[in-house]
2 protein chains.
Amino acid sequence: MISVGEARGLIDSSVQVMATKKINISTLMTNGIPGDHDHVLAEPIIADRPLPPMDRVTMDGIAILYSAYENGQRRFKITGCQRAGEPALTLKNGGQECVEVMTGSILPTGCNAVLRYEDLDIKDSVATIKDGTPVEQYMYVHRKGSDSAAGDVLIKAGTRLGPAEWAVAASVGQENITVVGKPRVALVATGDEILPVEAMPRDFEIRGSNLYALAAAMGQRGFPVSSTTHLRDDLTQMHDKLSGLLNSHDVIITTGGVSKGKFDHLPEVLTDLRVTKIFHEVSQRPGKPFWFGVGERGQLVFGLPGNPVSVLVGFYAHVLPALIKMSGGTYQKRLARLAAPVTFKPELTLFQPVTVSMGDDGVMCALPKSHNTSGDYVRLSGTDGVIELPATRQSFAEGELFPFHSWSLN
Amino acid sequence: MISVGEARGLIDSSVQVMATKKINISTLMTNGIPGDHDHVLAEPIIADRPLPPMDRVTMDGIAILYSAYENGQRRFKITGCQRAGEPALTLKNGGQECVEVMTGSILPTGCNAVLRYEDLDIKDSVATIKDGTPVEQYMYVHRKGSDSAAGDVLIKAGTRLGPAEWAVAASVGQENITVVGKPRVALVATGDEILPVEAMPRDFEIRGSNLYALAAAMGQRGFPVSSTTHLRDDLTQMHDKLSGLLNSHDVIITTGGVSKGKFDHLPEVLTDLRVTKIFHEVSQRPGKPFWFGVGERGQLVFGLPGNPVSVLVGFYAHVLPALIKMSGGTYQKRLARLAAPVTFKPELTLFQPVTVSMGDDGVMCALPKSHNTSGDYVRLSGTDGVIELPATRQSFAEGELFPFHSWSLN
């Protein structure tokens, strides 16, 4: 049995970053698929023209010729108004006059300084500069090309697309953006006892819930679900359906069917389908019977045990970092401070459900949720995630910092 | 001019929580709209039957009658196999025999303890308990009804739906879930200089980018965009279009048109449309000319200045908390530690763009991104958000904690 750290290393080295794809910037507005706004850039965003493309006025007021000010002039007749979105007006009469200018407009030809309304008295179309107003050349002008030249890289490949990055792409007219693709993920529940949500189960049956937990967790982190399947504990059906899923997906996440039971066929079926087993069993609780393998095309198969807490722990601790890396990103580690002591004897990494709150000292405080053996979703409701307590120790003191995996994310 | 704190208070007290709506659990799987998985529960989730609904076996192994063990019996003939999803078998012969059991199956009738394969030697259909194995009544059995009785509240109204909560809803067969609705949000850019992404602007024109930044920010936090509009600086057009948008939306977020410029018509038009001005101008940088009002139906109108950094700061500092509260949730405050000193003279709250990283001591470290007057999206690329430095001070030391608003969220 391998450690959590070894499992992570083996998964990490099995990950292949997805091929690139193009997304159209309009997807941002059309609300197609969760996470469509959240991609890693595969090609840089390049300036199509100088930035700013003009000498741009940054304050509402007047534009003047600076040398007139230098020569002592303080009163300027307003001869026009430079609106944003209109071609440059031209200042005439050697700087004796001025042009009213609006924020975002081009600086009128012949002007080289802007004064704000706040620094002016305006009466009868004459603007007078208030005493004590500091005036400098190109004041309140964002000079053409001062940020970037045409052809400059504005955003490097490898950057995660957030609000600012999308806006830059829009501003340079890049309608189609080349990003790292996201894996097509199949969710697969196994077990004869599992019925659909709309069914009325008998006492020995239950409604399936694991796939809903996984779908919500994926959606929250910006990963769409490509397909969901329920497999009965039947060798032939499993073989046929998994074969199809392996052809059409990059990642398969299964729940159940990987323990010691007589009908836990998954490892056998997957091996049959030429999915190479990388490991089976990780020294952790919950989620020890975790199976992981790699298919012929590099598909990752995560065989999570069927227990609800195991499913969520397996997803956040092992699957999510792989999905993020496949999509070109980096899993961000978080730390939280244990708010109550924990004792745990077995030589296993303990993933302890906790509720968290931001402490006054800026450290996330993690309060362990009382132990329960049932491991069901009801007991997890209201928790924020799990804190990861290493297998090398048996007692963990209040106040110590440990890795924290969030499922409430905000 | 009001302070940032006052602005927050005024916005907060203008918020009305949205009406409830029903969402079907299948939306989780169909990838309809970003944030569909992320709602606040408006009605509790109730147990439809006892939880667990049966005496449920939690380990693969055998089930026995405990009194036989108590009477010294250690060898049990296996007479059947209790599969998950099948009706209970019955143990016969007064406990001399045993039934093989699978995790997730119902406990066979007549049994009241389970032994794991690990604690058994099985040969010729006879299971022998290994010496030293502790055996207790109902060991490895999750008792029927031990978690909840039928009719119990499993998840309270007001809980945010995360992976565990969705799973609980599925497990009790609740296909339609009553949640707090989300506001219909209109994004509106203003300005004659603004062209669509696909246009080839002349030097005095730019492509619109603010709405892309806002749409990405909203999508990231689970809020869909209901409509996007560009308004020219034209009184009549503004009046007509905003009138329609006010009828069909709960929130309108505008960019530009709220400063001192001669064509900044928005405040006038909104007042005309019976949107009551709550405030105009907040003592913050960037984003001072921020306008906020409430329409006749309680619609919130956020008039953000057109400067890119102002747009993002305004969204995260003022709009997002309102959207979250409207949707029944709570804005989670975060703190970060300033990683370099900042001096800022004006009596304004400074929203300083920063990059953040998790420190070894569990505190988020925020490194200020060098100042720039241009305030464009290129300079924001790669930053993670803004740290909020209060107006009451001019210098802020390295190592101090301040509120942090994230736009990279992970």
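**A buried helix and some backbone details**

Author: Helix H8(A) is largely enclosed by the rest of the structure, because 17 of its 19 residues are buried. This is a predicted model. The helix covers residues 308-326 of chain A. H8(A) is bent, by about 45° at Val319(A). A proline, Pro321(A), follows within four residues of that point. After the helix comes Gly328(A), with a positive phi near 90°.

Positive phi turns up elsewhere too. Most residues other than glycine have a negative phi, and most peptide bonds are trans. Tyr140(A) has a phi near 55°. This residue sits in the loop between strands S9 and S10 of chain A. Tyr140(A) has 21 other C-beta atoms within 10 Å, so it counts as buried; the cut-off is 20 or more. In chain B, Glu281(B) has a positive phi near 90°. Its loop runs between strands S18 and S19. Glu281(B) is partly exposed, with 15 other C-beta atoms within 10 Å.

Now the cis peptide bonds. One joins Leu51(B) and Pro52(B), with omega about -10°. Pro52(B) lies in the loop between S2 and S3 of chain B. Another runs from Arg285(B) to Pro286(B), with omega near -5°. Pro286(B) belongs to the loop between S19 and S20 of chain B.

Terms used: Residues are numbered from 1 along each chain as its sequence is written. Chains are lettered from A and ligands numbered from 1 in the order in which they are written. This is a predicted model: local features need pLDDT of at least 70, side-chain atom pairs count only at pLDDT 80 or more; totals for chains, interfaces and linings use all residues. Helices (H or I, at least four residues) and strands (E, at least two) are DSSP runs, numbered from the N terminus. The expected span of a helix is 1.5 Å times one less than its number of residues. The bend at a residue is the angle between axes fitted to the seven residues ending there and the seven starting there. A residue is buried if 20 or more other C-beta atoms lie within 10 Å of its own, exposed if 12 or fewer, and partly exposed in between; C-beta atoms are placed from the backbone.
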